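The structure is shown below.

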Amino acid sequence: MHYVIADPHGEYDRFQRMLERIGFSDGDTLYLLGDAVDRGGIGGVDLLLDVMARPNAVMLLGNHETMCLKAMDHPDDQRAVNHWRRNGGQVTYEALLRLTEAQRQRTLDFLRALPDCLDLEAGGRRFHLVHAFPADNTYDRVWLRPGPEAESPFPDGRIVVAGHTPVCELWGYDEEALRRHLEGLRDGHMWIYHGRGYLDLDCGCGYGLPQSRLACLRLEDLAEFYT
């Protein structure tokens, strides 16, 4: 089976609970759509090390990995360092410093080699996996913020599976609109967003909201799992 997770943002324990919930085995493949690190979770580097050790796990580049690399590769660029830390990177920075030099370089090399999109077939459907949204350049593939009107741009019917934008923010960033949306959620939790050929899996993991949780999609039958 093929499973997709997006934006765990350092919540290593919740990530492990998800693997238990789906019964993840050596015969399955896990796709992580980026943003393993930063935000509210303290286990982002542990999560990276876990993924790196799994031969059946594939990770895509997210905007938080991009910020991490820019800051770590250019420590004298104060603008890049501050941008990363303002977006929750301090906890990741401190965890990277606790690694040995060899471990840290291996981890950063792993991030540098990440692809930024991937096409595959499962369950008779074709999918395009990407962190943010399909685009013709890496920057947009990890940073674009589509709205609820977004739809798959592929005429061949590929379904876009992405994260990056918490589903509660697809309708905008107005504080009052967000509050009303969060208060009206079914069962009080965020759910995977289903658009026209576009699925958003970012259910706010790492943000510390009571409505937040980690989502997982099984591609064969589009079954959804949450922790």
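The largest cavity in this predicted model has a volume of about 40 Å³. A search of the whole structure finds one cavity of 30 Å³ or more. Its lining consists of Asp-7, His-9, Asp-35, Arg-39, Asn-63, His-64, Arg-145, His-164, Asp-202 and Tyr-207. By class, five of these lining residues are charged, four are polar and one is nonpolar.

His-9, one of the residues lining the largest cavity, sits in the loop between strand S1 (2-5) and helix H1 (12-21). His-9 counts as buried because its relative accessibility is 1%, and the cut-off for buried is under 20%. Apart from residues up to four places away in sequence, His-9 touches Asp-35, Ala-36, Val-37, Asp-38, Arg-39, Gly-40, Gly-41, His-64, Cys-205, Gly-206 and Tyr-207.

The largest pocket has a volume of about 220 Å³. Thr-66, Met-67, Lys-70, Asp-77, Arg-79, Ala-80, His-83, Tyr-139 and Trp-143 form its lining. Helix H3 (63-73), helix H4 (78-98) and helix H6 (138-143) are the elements that each give two or more residues to this lining. The table sets out the two spaces.

| Space | Volume | Lining by class |
|---|---|---|
| Largest cavity | about 40 Å³ | one nonpolar, four polar, five charged |
| Largest pocket | about 220 Å³ | four nonpolar, two polar, three charged |

Next comes the helix pair. Two packed helices are described by the angle between their axes and the distance between the axes. Helix H2 (residues 44-53) and helix H5 (residues 101-112) have axes that come within 11 Å and cross at roughly 70 degrees. H2 is therefore roughly perpendicular to H5. On the H2 side, Leu-48, Leu-49, Val-51 and Met-52 meet Arg-106, Thr-107, Phe-110 and Leu-111 of H5. The contact of H2 with H5 has six nonpolar residues, one polar and one charged.

The other buried residue is Tyr-198. Is Tyr-198 buried or exposed? Tyr-198 is buried, as its relative accessible area is 0%. Tyr-198 belongs to strand S8 (residues 198-200). Leaving aside neighbours within four places in sequence, Tyr-198 is in contact with Phe-133, Pro-146, Ala-150, Glu-151, Ser-152, Val-160, Ala-162, Leu-170 and Tyr-193. Along the chain, Tyr-198 and Pro-210 are 12 residues apart, and their C-alpha atoms are separated by 25 Å.

How values were computed:
Residues numbered from 1 in each chain as written. Predicted model: local features only at pLDDT ≥ 70, side-chain atom pairs only at ≥ 80, totals over all residues. Heavy atoms only, no water. 1 Å grid on protein atoms, 1.4 Å probe; cavity = no way out; pocket = protein on both sides within 12 Å on 5 of 7 lines; lining within 4 Å. Points joined across faces, edges and corners; volume = space filled by probe spheres on them. Helix = DSSP H or I, 4+ residues; strand = E, 2+ residues; numbered from the N terminus. Nonpolar A, V, L, I, M, F, W, Y, C, P; charged D, E, K, R; others polar. Axes fitted to C-alpha atoms, helices over the stretch in contact; angles between N-to-C directions. Parallel < 35°, antiparallel > 145°, perpendicular 65-115°, else oblique. Contact = heavy atoms within 4.5 Å. Buried < 20%, exposed > 50% of the residue type's maximum accessible area, 1.4 Å probe, protein only.
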